[in-house]
Amino acid sequence: MIKEILSEFFIIAFELLALFVAISFVVNLLQAIVPYEKINNYLSGKNTFLGVIAALVFAFVTPFCSCSTIPVVVNLLNKKVRFGIVMVFLFSSPLLDPTIITLMAAMLGIKVAITYTIITAIFSAIIGLLLEKLGFEAAVKKVKMSGYNEGEMKFSFKAAVIETLNLMKTVYPYLLIGAAVGAFIHEAVPTEFITTYLGGDKWWLVPIAAVIGIPLYVRIETMIPLSKILIAKGMAFPPVMALMIGSVGASIPEVALLNSIFHKRLVVAFVASVITMATLSGFLFYII
């Protein structure tokens, strides 16, 4: 049993390493052609549609985790960028990571990756603008941030290599955790157990998975290899997706940071919005 688990672990880990390094390098190299100045102009503009698109593009080309998104959010708010547009960025930034989406396409299929991208982008836009419409802008604290340097993002071949190595040091441990857990489930957990208790059309698994994801703080880098194994063993895809979005969209560390820049009612609204997004996204995958 141990031999089979270790064998499966090394196979998954090597596959993830090869994919992650290749994808991350290409993404970092492409940073050189991203027109950040134009994106910033659209973010600050009055056109809602262009502002939302700019926020989604900015979220996509800045692959931050949920916690590292907060300094950017504070910076945008201090620049008087429209509240709704900033919220669109806040919700979408940790979810629309180009490296992870490409990795998702490689491991779970192109259709899954495209559907995930479209659903999370649409929900981020709707929820961000809805919070503005409901007057939650008044729940933003006046926060001045120190130690954050917005400087220009300049990339070259050498910079792409360095950034890829740095990113790998940060992210790859989580990929290894996902590979280890996935290998254990693949070899040690009976397929019948997963199909009986986590498979089928049990709709109530979706909201439960969405809520459970937040305190677990399971990074999406961990969830992707784990999801592949769970789905292969018979777990229904909708709760897997809900767990993935819930855990990435609103982790406990992020909520703690948001509490320092938002009043409590906006923090509660943020968490409720992420749970709603994760739940509805999961249900949509039943249809799709």
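Tutor: Helices here are DSSP runs of H or I of at least four residues, numbered from the N terminus. The model is predicted: local features need pLDDT of at least 70, side-chain atom pairs count only at pLDDT 80 or more, and totals for chains, interfaces and linings use all residues. Residues are numbered from 1 along each chain as its sequence is written, and side-chain values use heavy atoms, with hydrogens and water left out.

Student: In which helix does Leu131 lie?

Tutor: Leu131 lies in helix 7.

Student: Why does Leu131 count as buried?

Tutor: Buried means under 20% relative accessible area, exposed over 50%, and partly exposed in between (1.4 Å probe, protein chains only). Leu131 has 4% relative accessibility, so the residue counts as buried.

Student: Why is Ile126 called partly exposed?

Tutor: Ile126 belongs to helix 7, residues 110-133. Its relative accessible area is 48%, and therefore Ile126 is partly exposed.

Student: What does Leu131 contact, leaving aside its neighbours within four places in sequence?

Tutor: Contact means heavy atoms within 4.5 Å. On that basis Leu131 touches Phe83, Phe91, Phe136, Leu266, Ala269 and Ser273. The C-alpha atoms of Leu131 and Val88 are separated by 9.7 Å, the two residues being 43 apart along the chain.

Student: At what angle do helix 7 and helix 14 pack?

Tutor: Axes are lines fitted to C-alpha atoms over the stretch in contact, and angles run from 0 to 180 degrees between N-to-C directions. Helix 7 and helix 14 (residues 264-287) pack at about 145 degrees, with axes 10 Å apart. Residues making the contact include Phe123, Ile127 and Leu131 of helix 7 and Leu266, Ala269 and Ser273 of helix 14.

Definitions and conventions: Helices (H or I, at least four residues) and strands (E, at least two) are DSSP runs, numbered from the N terminus.
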